[in-house]
Amino acid sequence: MPAIEGWFTIDAEPALLGNRCTTCRTVFFPKASFFCRNPACSGEQFEETRLSRRGRIWSYTDAQYQPPPPYIARGPEHTPFALAAVELADEQMVVLGQVAEGYGVDDLAVGQQVELVVEDLYSDDDHDYVVYKWKPLTGSREEAISS
Ligand SMILES: [Zn+2]
C-alpha cells in the first residue's frame, strides 16, 4: 500500500497524482485543496490528474540527513541514498523524490531522463509500504553529459 495516501498510483505504470484547477487549469502536486494556489485565481474546484511519468533531473543530492516525508530513515543500517529534483516532461513542475534502489549520485547527471517507479519503503506487521522513486533511464546519463 502507498506510504502516503493519494500521492501516486501503484498500477503497472505508476504515476504521481496531482490535481488541476477547473478555473485556471493550473496543475498542483501535492494536490491543492479548498482554494487554488494561483494568486490570480479564485477557483475552488479541482479534478484529479495523473502527472508525467518521465522528466529530467534538475538537481540532485546525496542525502546524508533525515529525508523529508514520506521517506523515512531506516535506522542504524540506513545507507545514504540519492534524492533528485525532477522537472516533469509536460507540467514542467519540479518534484523531489528518492532515486531508485541501486543508484547513487555517481549514476546521475543534470538533464538526465528518469522515469517514475514504485518501490518498497518499509514494512510493519500488517503491510508493506511503497513509495514513488525516480529511476534513471538507460543511457540517458551519457546523453545528458555529452549534450
Ligand atoms: Zn485556479
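Me: In which loop is Phe-35 found?

Reply: This is a predicted model, in which local features need pLDDT of at least 70 and side-chain atom pairs count only at pLDDT 80 or more, while totals for chains, interfaces and linings use all residues. Residues are numbered from 1 along each chain as its sequence is written. Strands are DSSP runs (E, at least two residues), numbered from the N terminus. On that basis, Phe-35 is found in the loop between S2 and S3.

Me: Is Phe-35 buried or exposed?

Reply: A residue counts as buried if 20 or more other C-beta atoms lie within 10 Å of its own, as exposed if 12 or fewer do, and as partly exposed in between, with C-beta atoms placed from the backbone. Phe-35 has 12 other C-beta atoms within 10 Å, and is therefore exposed.

Me: How far apart in space are Phe-35 and Phe-46, C-alpha to C-alpha?

Reply: Along the sequence, Phe-35 and Phe-46 are eleven residues apart. In space, their C-alpha to C-alpha separation is 8.8 Å.

Me: Why is one side of S2 and of S3 left without a neighbour in the sheet?

Reply: The open sheet has three strands in the order S2-S1-S3, with antiparallel pairing; two strands pair if DSSP finds at least two bridges between them. Strand S2 (27–28) and strand S3 (46–50) stand at the edges of this sheet, so one side of each lacks a neighbour because each has a single partner strand.

Me: Which residue in S3 stands opposite Asn-19?

Reply: Strand S1 (residues 17–21) and S3 run antiparallel and are joined by five bridges. Within S3, the residue opposite Asn-19 is Glu-48.

Me: Which residue in the turn between S5 and S6 has a positive phi?

Reply: Strand S5 (residues 81–88) and strand S6 (residues 94–99) pair in the antiparallel sense over five bridges. Val-86 stands opposite Val-95 in S6, and Glu-87 has Val-94 as its bridge partner. S5 and S6 form a hairpin with five residues between them, and the turn residue with a positive phi, about 55°, is Gln-92.

Conventions:
Helix = DSSP H or I, 4+ residues; strand = E, 2+ residues; numbered from the N terminus.
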